Amino acid sequence: MANNYRQDTDLELLRYADQEMLGVLVNYLTTDKDGSTRYTESLTGDEAFKAANGDFRKVWQLIGAELQHFGGDSLMNFIRRNGVPYKEILTDVCKKIGVKTDFSADTVEIEKAMLAKLFEDSWENMSEAERASVRAQLKINGNLAGGAALSAIIAAIRLGGFMSYQVSLIVANAVARALLGRGLALAANAGLVRAIGIFAGPVGMAISALLTLPALTGPAYRVTLPAVVQIAAMRQQLLKPEEDIF
């Protein structure tokens, strides 16, 4: 039996999200690191979920409920019959990975802070040649190098707009490659595709390192960390400016 969905405005985006992106989220929720079905998941056995036959928008509340339950304590979930709000899950993950931000801010602002942190961690794993290429693809002033270039990118991410959208896809794609063995099927422009390719390895290394931290080794965090990254990318897709900059 599927979990009960707790009304949550931060998860309403799931009803409008891209099907392929929803499919990646479902994979995080239902499959273990070796590709087997998680014994704790309740989605794949649910009759409504099976009847949807891959049309994940039809069962977005079931998907949201599954995440809410992964984010909550099992005993408390049983007592209250539903999980915890998405923002609570996001905040918990962010604190575990060392994101420094105002956690009373809107959810989208916390997500951007998380994306900026993961981008920054990945930047540390890149060669100077890779950094130069990323600066070019993201249209960062060529006169900026090292820490100055990174600071410019982080500031742009936090401001939102097209930079946040680009970075969200770069990070989400790399997380999918690292944990699922395949990236996102994106209809992106050539410049963004190149940046995604460059970042795949460094972001994957950063995520793998995070998942070895004692605070993140539990099975729930192997779900909630990639899930909140994926949802952040889905939100940025919906907020994406109409006009591409590339």
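Keep in mind that the model is predicted. Let's start with how helix packing is described. Two packed helices are described by the angle between their axes and the distance between the axes.

First pair: α1 and α3. Helix α1 covers residues 19-30. Helix α3 covers residues 60-70. What is the angle between α1 and α3? It is about 40 degrees, and the axes are 10 Å apart. That makes α1 oblique to α3. Their crossing is left-handed.

Now look at the side chains. From α1 come L22, L25, V26 and L29. Across from them, α3 brings I63, E66, L67 and F70. Sort the residues of this contact by class, and you get 7 nonpolar, no polar and 1 charged.

Stay on α1, but turn to α9. Helix α9 runs over residues 162-180. Here α1 and α9 pack at about 40 degrees, with axes 12 Å apart. The two helices are therefore oblique to each other. Again we have a left-handed crossing, with α1 passing α9.

Which residues of α1 meet α9? They are M21, V24, N27 and Y28. On the α9 side, they meet L169, A172, V175, A176, L179 and L180. By class, this contact of α1 with α9 has 9 nonpolar residues, 1 polar and no charged ones.

Next, keep α9 and bring in α6. Helix α6 spans residues 107-123. It packs against α9 at an angle of about 60 degrees, and the axes lie 10 Å apart. The crossing of α6 past α9 is left-handed.

In α6, find K112, L115, L118 and F119. They meet S164, V167, S168 and V171 in α9. How many residues of each class are in this contact of α6 with α9? There are 5 nonpolar, 2 polar and 1 charged.

One more residue in α6 deserves a stop: V108. V108 and Q236 are 128 residues apart in sequence. In space, their C-alpha atoms are 8.6 Å apart. Leave aside the neighbours of V108 within four places in sequence, and V108 is in contact with R235, Q236 and L239.

How many cavities of 30 Å³ or more does the structure hold? The count is 1. About 100 Å³ of space lies in the largest cavity.

Its lining has 11 residues. Nearest the centre of the largest cavity are T31, K33, R38, L179 and R222.

Terms used: Residues are numbered from 1 along each chain as its sequence is written. This is a predicted model: local features need pLDDT of at least 70, side-chain atom pairs count only at pLDDT 80 or more; totals for chains, interfaces and linings use all residues. Side-chain values use heavy atoms; hydrogens and water are left out. Axes are lines fitted to C-alpha atoms, for helices over the stretch in contact, and angles run from 0 to 180 degrees between N-to-C directions. Helices (H or I, at least four residues) and strands (E, at least two) are DSSP runs, numbered from the N terminus. A crossing is left-handed if the near helix is turned anticlockwise from the far one by less than a right angle, and right-handed if clockwise. Contact means heavy atoms within 4.5 Å. Ala, Val, Leu, Ile, Met, Phe, Trp, Tyr, Cys and Pro count as nonpolar, Asp, Glu, Lys and Arg as charged, and the others, Gly among them, as polar. On a 1 Å grid over the protein atoms alone, a cavity is a set of points where a 1.4 Å probe fits but cannot get out, and a pocket is an open set with protein on both sides within 12 Å along at least five of seven lines; lining residues have an atom within 4 Å of a point. Grid points are joined across faces, edges and corners, and a volume is the space filled by probe spheres set on the points. Angles under 35 degrees count as roughly parallel, over 145 as roughly antiparallel, 65 to 115 as roughly perpendicular and the rest as oblique.
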